[in-house]
Each structure stands twice: as structure tokens, then as C-alpha cells.
Amino acid sequence: MPIDYAKELNEQQLAAVQAEPGPVLVIAGAGSGKTRTLTYRVAYLLEQGVSPDRLLLLTFTNKAAREMLGRVGLLMPLDSSLIWGGTFHSVANRLLRRHASMLGYQSNYAIMDRDDARDVINACIPAAGIQVKDKRFPKGDVLVEIFSLAVNTGRSIDEVVRQQYAHFSEQIESIRAVQQHYVKRKKLNNSMDYDDLLSNLLCLFKSHPDVADVYGRQFQSVLVDEYQDTNRVQSEIVDCFVKGHRNVMVVGDDAQSIYSWRGANFANIMDFPKRYAGAKVFKIEFNYRSTPQILDLANHSISANVRQFAKNLAAVKPGGLKPRIMPAMNTSTQAAFVAAQLLELRDQGIPLAGMAVLYRSHFHSMELQMELTRRNIPFDITSGLRFFEQAHIKDVTAYVKLAINPMDEMAFRRIVLRMPKVGGATAAKLWGKRVDLRETAAAQFPDQPMACLKLLAGDAPKPARDEWNRFAMLMQQLAAPSVVNKPAELIRLAMEAGYEDYLKSQYENYASRREDLDQLALYAQRFEKTEDFLADLALMTEVDVDAGRSMSESPDEVVRLSTVHQAKGQEFRVVFVIWLADGAFPNARAIESIDGEEEERRLFYVAVTRAKDELYLVYPQLRLSGNYGDAFQRPSRFLKELPAHLYEKMETGEEY
DNA sequence: AGAGTGGGCCTTTTT
DNA sequence: GGCCCACTCT
């Protein structure tokens with residue numbers, strides 16, 4: 001049965017869905033049916049005769065892509081797995097695995113997460129001959145950010161430091177030296193960081209126009225979601241994909257651009273019509289999500305920003321309650337209020353799963369987590385640590401990584417650092433020896449890639465000898481061709497060879513960590529190649545992880561706790577925004593510049609527009625701050641900007 | 001002297 | 001959980 005587009009979509013959505021081929025920009029206000037529009041656009045293109053494997057859908061999370069493509073599958077008979085969809089990073093990874101050798105990598109390259117990048121950079125500081133003590137030299141954490149911004153915004157290190165890290169401008173030479181070491185080291189370790197995935201793809205396209213051409217022809221049509229949060233490299237990648245035919249639809253909302261701090265370029269969406277001459281611009285401005293009261297507040301708040309497309313987001317829903325502002329005595333009354341209110345709303349028939357608590361920074365959730373635990377209110381939290389970044393997961397995957405990429409220095413380092421009397425210096429020494437020994441060992445034992453580990457036992461500190469030998473034996477076992485591409489088996493073997501005992505001895509919550517690892521092994525079973533498994537883990541977003549978890553547990557009765565950033569794209573019947581104190585939200589460091597303040601305001605806008613029916617804006621008036629006694633908190637400037645008729649102020653309660 | 005380990009203190013947002 | 005600093009071991 002053909003799809004009746006006119007019946008399923010409103011006029012604005014319909015116009016965008018049925019737009020002629022060519023460059024198209026869709027400005028989609030919050031809750032305006034952006035996903036719906038993209039989904040129907042995909043279906044429409046397929047109906048027009050584009051074959052599924054010639055469509056490319058770039059999204060902000062892998063989950064978003066899966067959901068959209070799944071919905072297309074419901075609209076029409078189709079094997080939606082044929083459509084290319086996912087994050088920029090995961091699509092880049094798929095392409096780079098095929099063409100790694102053109103860029104001087106092996107196709108089994110490792111993907112470094114942020115911690116890995118920081119560690120390698122820290123190791124590069126002494127390697128570049130820098131005496132950290134002489135002057136204040138930036139730490140790995142800061143350097144990751146500087147390097148990353150330089151790549152993602154297409155600026156030089158000089159520019160980034162001078163513009164955003166002026167206090168380090170005297171050390172620019174040294175910073176550049178560290179970066180050069182970092183770049184070399186990554187290549188030596190056959191590893192790419194997140195930024196490399198994007199910039200190497202762009203580099204591939206630019207240095208091999210024939211390859212770019214192949215993909216330009218393969219993908220007849222490219223769709224990009226959340227375009228307001230793309231950075232310069234990403235927008236250039238899109239440009240390369242569509243250079244031949246210009247069939248590109250980008251969708252986004254400038255009012256929800258919240259990632260400029262990691263290089264997202266607001267100008268991408270603002271200037272799209274200039275970059276793509278003749279681009280059609282569509283606006284979809286009917287909000288189906290929120291009550292008029294919530295939307296009034298959101299619209300008023302965002303109107304204080306100067307840089308934006310003029311738009312008029314109108315509510316479709318009938319009236320509801322005014323948003324409520326709750327000044328809590330202090331942070332514990334804040335937590336108690338939220339907990340009590342959650343229970344009351346549940347009694348009124350709103351399931352916990354329809355409610356969320358949002359905040360600016362992860363640590364703002366600590367007190368609430370304790371309060372919810374105390375009251376037995378189940379919650380799910382998109383924590384600061386991604387699943388893959390927890391120590392026990394990283395420990396076990398280090399064995400897996402080393403098994404398939406013997407040059408993975410970070411994996412090696414992680415494993416040996418857990419041995420007694422081995423710290424950073426010894427780990428570095430052992431790695432150096434290992435690299436030297438590789439050739440000799442390869443000649444002596446040609447079919448045993450891990451043989452050189454055994455030869456190093458004498459170089460490990462005495463108390464670590466036994467463990468070293470077990471490690472060498474394990475690695476030999478893991479690298480055997482019969483198991484190396486069975487990731488679940490690798491995990492099981494590593495657990496049995498001693499990691500499980502280590503977990504037991506080390507952690508109070510051994511059982512739950514053990515469970516995580518069982519889950520991980522289970523998940524690993526579906527992969528035919530170990531490198532696919534590792535790439536999937538590294539490129540998984542927190543939201544993707546939750547999608548997996550809620551399939552196994554009952555998703556119905558848990559409250560969601562999340563940063564505003566991670567709540568992007570989601571909606572809830574009831575939303576609490578907590579810690580709305582000036583300095584916390586907006587964050588004190590973020591508002592040092594005007595642009596920063598506008599971005600914080602957009603973040604506030606994103607937070608409030610997650611709410612469908614009820615919105616609670618909460619802040620503590622007092623905060624216990626360690627040694628300095630209580631500190632008074634000013635309410636967020638975003639609350640002060642609101643005229644009183646837009647909200648209802650609640651009584652400061654003391655007990656809940 | 002160099003390296004490893006343990007205690008106290010802080011925490012912006014993320015692929 | 002990570003970083004810095006002080007203490008201890010080789």
C-alpha cells in the first residue's frame with residue numbers, strides 16, 4: 001500500500017519530504033517532528049527509485065539511525081540494514097577499514113578513546129624533551145582538547161592556543177613538539193583517535209579523488225541529522241560525498257546547537273544556503289511535544305540570544321500547567337523535593353519511565369542518586385563514564401586489543417601496570433624492549449606473534465615475574481588463529497587466566513562487575529571479527545548502551561537521570577531541571593565569553609523543551625561547600641530573565 | 001635517586 | 001575516578 005504522505009504529515013513537513021533533488025536545509029524546531037520528517041524523506045526517496053544501499057544517513061547516535069531506519073521498515077517492505085546509517089565516526093570507520101593501507105595504516109588499527117589519547121600525550125611530553133617543572137606546562141587533559149579543537153575547527157595549534165588558551169601562549173613551540181610526537185606515536189601504534197577517524201577520511205578523499213568518486217557515485221543521496229552540531233571536518237566530509245550531485249538534505253535547529261566547545265561550527269547551519277547556492281530552505285515550526293505554557297517559557301528564554309534564524313515555534317497541544325520554579329533550601333532539600341515529587345506524580349498515574357531529571361554536570365546528580373536509592377526509587381543514569389570506559393571493561397578489552405593489534409601500546413601498558421612494582425616508568429621500559437625484541441623473536445619463532453613477551457620475563461621486577469609469565473602464556477593463547485577472531489572466547493580466556501581472581505580481590509562490588517563482563521562476552525558473540533567488536537564498543541554512545549540495556553531489563557519503571565547534553569533528542573512527560581543556580585547552570589567557566597553564555601542558554605532551551613506536560617525548575621539557595629561553610633546561591637540568570645507570568649513559584653519547603 | 005603506592009581533594013558538556 | 005603530593009622501598 002502506498003504511503004499517503006499528505007495524510008501523515010503536516011504541510012511544512014510534507015514540503016520538506018517531497019523536496020526536489022538538490023541541496024535542502026530543514027530548520028526543525030524542538031518537537032516539530034524532525035525524526036518523522038527524515039524518516040518519511042528516506043521512504044520517499046526509496047519510492048522514487050533510489051536503492052537502499054545508495055542512501056547515507058548520518059546521525060548523532062547510532063541508536064537514532066537504527067530507530068529511523070526501523071521506522072522506514074514499518075512504512076514499506078524493505079531490508080533496512082542495506083541503508084548506510086550511523087554516526088560520522090562509525091561510517092568513517094567502516095570506510096577506513098577498507099582503505100587503511102592507502103593512508104599508511106593497517107586495517108586492524110585500534111581506536112583510542114579519550115583516556116588512551118591523554119595517556120599517549122602524557123607519555124609524549126618527556127619524549128619531546130620538555131621539563132614539566134620549569135614552567136606550568138599543560139597536562140594531557142588540556143592538550144587533548146587543544147589538539148582536538150585544532151583538528152575539528154581546521155585551525156593551527158598557534159591559533160587555538162592564542163585564542164582559547166592564551167595563558168599557555170609562551171609554550172606554543174613545546175606544545176607543537178608534543179603534538180608532532182603524538183602524531184608519530186599513534187601511527188607507530190597503528191591507532192587512531194576519534195578525530196583521526198574523521199580527518200583521515202577527509203584526507204583519504206582529498207588525496208585519492210578516485211576513491212572519493214566511488215563513494216560520491218555510490219551514495220546518490222545523503223541525509224544529515226543534527227547538522228547544527230557538525231564541525232568543520234564533518235561538513236567537509238559531507239561536501240565530498242555530494243560534490244558530484246549535490247543531493248543532500250541537512251536537518252537541524254540552530255537554537256539547539258550545544259557542542260561548539262568541541263569544535264561544532266554553528267556557521268555550518270547558518271551559512272548552508274551560502275555554501276550551497278540554490279539550496280531550498282524549509283522550516284517546520286509546529287511543536288507537537290510540549291504544552292503552550294512550556295513552549296512560551298522556552299521561546300521567551302531563547303529570544304535573548306542574538307545569533308539565530310528567526311522562527312516562530314507554535315504549540316499544537318492544548319493548555320496545561322504552568323512550569324513551576326522551586327527554590328529549595330539547600331541541596332538535600334532539592335534532592336528530597338525531586339524524590340517526593342516523583343513519587344507523588346507516580347501515584348497520580350505517570351509512570352516513572354515518563355519522567356526525567358536533567359542537570360548541567362554529572363556530579364550534580366550525586367546527592368539525588370543517594371536520595372533515590374534511600375527511597376527505593378529505581379533510576380537509570382547516563383553516567384559520566386561510558387560503559388566501555390569503566391576500569392574492568394577496559395582491563396579485559398586490553399587483552400582483546402593486544403591480541404589483534406600487537407602494536408597497541410596502550411593496551412599493553414594497561415595490563416602490565418596492574419602487576420606489582422610496575423608503574424609508568426617500568427611499563428615504558430618494557431614496551432621499549434618489546435619493540436626492540438620483536439624482530440629477533442619473529443625470526444626465532446616465526447609463527448608465534450607473542451613469543452617476545454616470554455623473552456622479557458627477566459626484565460620485569462621480581463615480584464611481577466609469575467604474573468608476567470602467565471600474561472605471556474595467555475597472550476600466546478589469545479593470538480592463536482583459532483581464537484583470535486572469537487572475541488567472546490578471548491574475554492572468557494582472559495577472565496579464567498586470572499582477571500576474575502583479580503576482580504574478586506580488588507572490588508567490593510565484584511558481582512556486578514562480573515555481570516558486566518558476562519554481558520560483554522554475550523554481546524561479543526555476535527561479531528565475526530574481533531576488530532568489529534572493538535570498533536563497535538569504542539564508537540558506541542552512552543545512549544546506544546542504554547538502548548541495549550533496556551532490552552534486557554524492564555524499561556517501564558525507572559526514572560531517567562541525565563545531563564542535558566545526553567538528553568538531546570529525547571522527550572519525557574515530566575522533566576525536572578535541577579541545580580539551576582548561577583555558576584552551576586549556566587556553568588561558571590562556560591560563560592566567560594558572550595558566545596559561551598548564548599550556548600548555555602541554548603542548553604537551557606534544550607532542557608526545557610524535553611518536557612511534554614510538566615516542567616519543574618529547581619535550585620538550591622544554599623550549598624554546603626566543604627571547609628568554607630555554606631555558600632549562598634543566586635538563582636540562574638536564565639530564571640531571572642523570565643517574566644513572572646510564565647511560571648508559578650512554589651513555596652520553599654523544608655521537609656519532604 | 002628513582003620509582004611505586006596510598007591518602008586527600010576536586011569534578012563542564014562528549015564522539 | 002583522577003591528580004597531586006608525601007612517604008617508603010629498592
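This note walks through a predicted model of a protein with DNA strand B, point by point.

1. **The sheet.** Start with the open sheet. It has 6 strands, and their order is β3-β2-β6-β7-β1-β8. The pairing is parallel. Look at the two ends of that order. β3 (84-87) and β8 (280-284) are the edge strands. Each has a single partner strand, so one side of each has no neighbour in the sheet. From one strand to the next, the twist averages 15°.

2. **One strand pair inside the sheet.** Now pick out β6 and β7. Strand β6 covers residues 221-224, and strand β7 covers residues 248-252. They pair in the parallel sense over 3 bridges. To find the pair on screen, go to Val222, which stands opposite Val248 in β7.

3. **Helices on the sheet.** Two helices deserve a look here. Helix α4 (residues 62-75) packs on the sheet and touches β2 (55-59) and β3. The direction of α4 makes about 135° with that of β2. Helix α12 (residues 232-242) also packs on the sheet. Its contacts are with β2, β6 and β7, and its direction makes about 160° with that of β6.

4. **The largest nonpolar core.** Which residues have the most contacts inside the largest nonpolar core? They are Phe412, Trp468, Phe471, Met475 and Ile491, in a core of 53 residues. Several helices build this core. α18 (391-404), α19 (409-417), α20 (424-444), α22 (465-478), α23 (487-506), α24 (510-524) and α25 (530-538) each supply at least two of its residues. Setting aside neighbours within four places in sequence, Phe471 is in contact with Tyr399, Leu402, Phe412, Ile415, Val416, Met419 and Leu453.

5. **A second core.** There is also a separate core, with 44 residues. Among them are Leu56, Val211, Val224 and Val248.

6. **Around DNA strand B.** Turn to the DNA. There are 25 residues around DNA strand B, and Arg360, Lys421, Gly423, Thr426 and Arg589 come nearest. Of the atoms of DNA strand B within 4 Å of the protein, sugar and phosphate account for 61%. Which part of DNA strand B does the side chain of His89 approach? An N or O atom in that side chain is 3.2 Å from a base oxygen. Two backbone contacts go to phosphate instead. A backbone N or O atom of His362 lies 2.9 Å from a phosphate oxygen of DNA strand B. α20 and α27 (564-567) are the elements that give two or more residues to the surface near DNA strand B. The largest share, 3 residues, comes from α20.

7. **Asn62.** Is Asn62 buried or exposed? Its relative accessible area is 16%, and the cut-off for buried is under 20%, so Asn62 is buried. This residue is found in helix α4. A polar atom of its side chain lies 3.3 Å from the backbone nitrogen of Thr87. The side chain of Asn62 also makes a polar contact with the side chain of Ser90, at 3.2 Å.

8. **Asp193.** Next comes Asp193, in strand β5 (residues 191-193). Its relative accessibility is 9%, so Asp193 counts as buried. The side chain of Asp193 makes a polar contact with the side chain of Lys186 (3.2 Å). Not counting residues up to four places away in sequence, Asp193 touches Met112, Tyr182 and Lys186.

9. **Backbone points to check.** Most residues other than glycine have a negative phi, and most peptide bonds are trans.
   - Asn190 has a positive phi of about 50°. Asn190 sits in the loop between α9 (172-188) and β5, and is buried at 3% relative accessible area.
   - Asn376 has a positive phi of about 60°. Its loop runs between α17 (366-374) and β13 (379-381). Asn376 is exposed, with a relative accessible area of 68%.
   - Phe585 and Pro586 are joined by a cis peptide bond, with omega about 10°. Pro586 lies in the loop between β15 (572-577) and α28 (594-608).

Methods
Residues numbered from 1 in each chain as written. Chains lettered and ligands numbered in written order. Predicted model: local features only at pLDDT ≥ 70, side-chain atom pairs only at ≥ 80, totals over all residues. Heavy atoms only, no water. Pairing = 2+ DSSP bridges. Helix = DSSP H or I, 4+ residues; strand = E, 2+ residues; numbered from the N terminus. Axes fitted to C-alpha atoms, helices over the stretch in contact; angles between N-to-C directions. Contact = heavy atoms within 4.5 Å. Core = buried A, V, L, I, M, F, W, Y, C linked by side-chain atoms within 4.5 Å. Buried < 20%, exposed > 50% of the residue type's maximum accessible area, 1.4 Å probe, protein only. Near = heavy atom within 4 Å. Polar contact = N/O pair within 3.5 Å; in protein donor to acceptor, adjacent residues only side chain to side chain.
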